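Please write a short report on the model below.

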Amino acid sequence: MSTARFPPSPTRPITNEGPFRALLLENIHPSAEEMLAAEGFQVERTSSALKPEELAEKLRGVHLLGIRSKTTVPGAALVHAEELLAIGAFCIGTNQVELAAANTHGIPVFNAPFSNTRSVAEMVLAEVVVLTRQLFDRSREVHAGQWRKVATGSREVRGKTLGIIGYGHIGSQLGVLSESLGMRVQYYDVMTKLPLGNAQSAATLDELLATSDFVTLHVPATPSTQLMIGADQLARMKKGACLINASRGTVVDIPALARALRSKHLGGAAVDVYPEEPETNSDGFVTELQGLPNVVLTPHIGGSTEEAQAAIGKEVATSLLKYFKAGATTGAVNFPQIEAPLIPGTHRILNVHRNIPGVLRDINKIVSDLNANIHAQVLSTDANIGYLVMDLDQDVSRPVCDGIAGLHTDIKTRIVS
């Protein structure tokens, strides 16, 4: 039996009468605001993240929340967000949201796993060229008035081997782009993946590390990836190889990387993400990698292109609106998956309830007692909750909805008409 902590059952369903409010934080691209406003939402935007206690207060009366990577959404912030229907993370990662708490409050969380793929892949490929040509060091010297025209250590990328750790959307596209420059591509992933182009799967992580001229990371932040590249893994890399991390700051042991660079075991590195990052643009950022030769340091900008941000705005806003208008949860990272076409002439009831025996029986009894005709009914569950999508005659939809919302097992119920 689930030990999840559920909020108290509400006393009324959420109506579809509006007005509806959306809160977009952290300078989310205007493309999202345009889409939400076109559907009648009152949109409030902020340029920065909110502290958890500020967010909790702001969420009162908000129906859709949009965040990026700097806003933390703990379960405590959701306690009084009774109107909140869904959260959109306008980025790839969702570790800044307490997903289990959102689940038990009946709030699906959507992200953008596709839209910044090209931007990140292009940046990593550019860093491969920059590192092998030592371009940042030469540029810094010329800025300082020094002329150092040397070829020592500067090489072409053609014929070199790129090792990709994590062969998902970004890793696989990066492999295709790299082959166009004549690179050999190998990858390692904990799941079986279909290779694109001429990419080859490495049997083990150690094999990839030992045989790659460049190693690039594209993995999520999970307990299994925490410090997955430490002193032992760096020692297994080829002498003179370069490491690139544009995934998550927790996957690389920064002090160990600095030591490998100082000892000249590694020939260079490019790092875009860090274990601790400032919440806002500011001065005074410190890392052990600063000042080391042939090291490219960027402030978490892998997906920060105008094209990517516009696409992310549209991708996540589309998911939020599909959920708002039809209850579609396809792509939600913490919720049972349902996407059913709307049936003309009906009202749709969306119900999130505790996943315990007898709930569907109680709901169907309400429907039967009101002589309601069900046109379609889909139920999907996970360990904690059940998500029910039910289309029925319009004239009985409101009393059925009220009855379901009155059950002690109810978490969140609303009508889509």
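Two strands pair if DSSP finds at least two bridges between them. Helices (H or I, at least four residues) and strands (E, at least two) are DSSP runs, numbered from the N terminus. The model is predicted: local features need pLDDT of at least 70, side-chain atom pairs count only at pLDDT 80 or more, and totals for chains, interfaces and linings use all residues. Residues are numbered from 1 along each chain as its sequence is written, and side-chain values use heavy atoms, with hydrogens and water left out.

**The whole protein**

The protein has twelve helices and 16 strands. Its C-alpha trace spans about 85 × 45 × 35 Å along the principal axes. Of its 417 residues, 49% are buried. Buried means under 20% relative accessible area, exposed over 50%, and partly exposed in between (1.4 Å probe, protein chains only). Contact means heavy atoms within 4.5 Å. Among contacts with a separation of 6 or more, 65% join residues 24 or more positions apart.

**The sheet**

Four strands form an open sheet, and their order is β14-β15-β13-β16. The pairing is antiparallel. β14 (374-381) and β16 stand at the edges with a single partner strand each, so one side of each has no neighbour in the sheet. From one strand to the next, the twist averages 10 degrees. Axes are lines fitted to C-alpha atoms, for helices over the stretch in contact, and angles run from 0 to 180 degrees between N-to-C directions.

Look at β13. This strand pairs with β15 (residues 385-393) in the antiparallel sense over nine bridges. Val352 has Tyr387 as its bridge partner in β15, and His353 has Gly386. β13 also pairs with β16 in the antiparallel sense, over six bridges. There, Val352 stands opposite Lys412. Eight of the nine residues of β13 are buried, so the strand is largely enclosed by the rest of the structure. In a regular strand the side chains alternate between the two faces of the sheet.

Helix α11 (residues 359-369) lies across β13, β14 and β15, and runs at about 165 degrees to β14.

**Gly106**

Gly106 sits in the loop between α3 (99-104) and β5 (109-110). Is Gly106 buried or exposed? Gly106 is buried, with a relative accessible area of 0%. Leaving aside neighbours within four places in sequence, Gly106 contacts Leu85, Tyr323, Phe335, Val352, Ile411 and Lys412. Gly106 and Val416 are 310 residues apart along the chain, and their C-alpha atoms are separated by 16 Å.

**Empty spaces**

Rolling a probe the size of a water molecule over the atoms shows where empty space is left. The search uses a 1 Å grid over the protein atoms alone. A cavity is a set of points where a 1.4 Å probe fits but cannot get out. A pocket is an open set with protein on both sides within 12 Å along at least five of seven lines. Lining residues have an atom within 4 Å of a point. Grid points are joined across faces, edges and corners, and a volume is the space filled by probe spheres set on the points.

The structure holds two cavities of 30 Å³ or more.

| Space | Volume | Lining by class |
|---|---|---|
| Largest cavity | about 40 Å³ | four nonpolar, two polar, two charged |
| Second largest cavity | about 30 Å³ | three nonpolar, three polar, no charged |
| Second largest pocket | about 550 Å³ | seven nonpolar, seven polar, eight charged |

Ala, Val, Leu, Ile, Met, Phe, Trp, Tyr, Cys and Pro count as nonpolar, Asp, Glu, Lys and Arg as charged, and the others, Gly among them, as polar.

Which residues line the largest cavity? They are Tyr323, Leu350, Asn351, Val352, Tyr387, Lys412, Thr413 and Arg414. β13 (346-354) and β16 (410-416) are the elements that give two or more residues to this lining.

The second largest cavity is lined by Ile28, His29, Phe90, Gln309, Ile312 and Gly313.

The second largest pocket has 22 lining residues. Gln134, Gly153, Arg155, Gly240 and Gly267 lie nearest its centre. Here α4 (117-133) and α5 (135-143) are the elements that give two or more residues to the lining.
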